[in-house]
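Visitor: Please show me the structure, and let us then work through it one question at a time.

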Amino acid sequence: MTTSRILIGSSLCAVMLATSGCGSLRGNSQPRQRVDTPPAEEIFRDLEAEKGRVRSDSTIWDIFKKREDPGRVGAVNRYLWNASLDVLDFLPVQTVDPFSGVITTGYGTPPGGGRAYRATILISDPALDARSLNLALHTRSGPVDPATVRAIEDAILTRARQLRRQDSRL
């Protein structure tokens, strides 16, 4: 039993040593053309300096630090995100992008309703705020009355506040 373990271990070491240099060989010998663009680190540092905070170098231990806002998913508010999906659960979801905050749905009929609706939701800010939520609602014949859109936005905001309250109790 120990002989087989030694044999397996030494063969794994031999395979790792043999393949460790495979990625360092270059096939073409043509030199790369130099492009005068700043390195990515400078670009990110400039972008974050514009926001008013300078980016420090991160380490593996940063995962244990307290996050800025636990209510964020990418760049959007998670409560608004989940509330939008809860309130408009009767609509079939076509595409979602939590990093840009866009949810697009297909046509669906609400329970007890006769019209088919389609929605596009944009959550533009990580804050739980009415200005962060933008909703476009359409029927097959065109846009919906602004009062209906406002009522659905209010329902989404109310549900988001309920979700945040439930999280704070835990």
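Visitor: Which residue stands opposite Leu-137 in S6?
Guide: The model is predicted, so local features need pLDDT of at least 70 and side-chain atom pairs 80 or more, whereas totals for chains, interfaces and linings use all residues. Residues are numbered from 1 along each chain as its sequence is written, and side-chain values use heavy atoms, with hydrogens and water left out. Strands S5 (residues 117–123) and S6 pair in the antiparallel sense over seven bridges, where strands are DSSP runs of E with at least two residues, numbered from the N terminus, and pairing requires at least two DSSP bridges between them. The residue opposite Leu-137 is Ala-119.

Visitor: Which residues form the covered face of strand S6?
Guide: In a regular strand, side chains alternate between the two faces of the sheet. In S6 (residues 133–139), the uncovered face holds Asn-134, Ala-136 and His-138. The covered face consists of Leu-133, Leu-135, Leu-137 and Thr-139.

Visitor: What share of the 170 residues of the protein counts as buried?
Guide: Buried means under 20% relative accessible area, exposed means over 50%, and partly exposed lies in between, with a 1.4 Å probe and protein chains only. By that criterion, the share of buried residues is 21%.

Definitions and conventions:
Helices (H or I, at least four residues) and strands (E, at least two) are DSSP runs, numbered from the N terminus.
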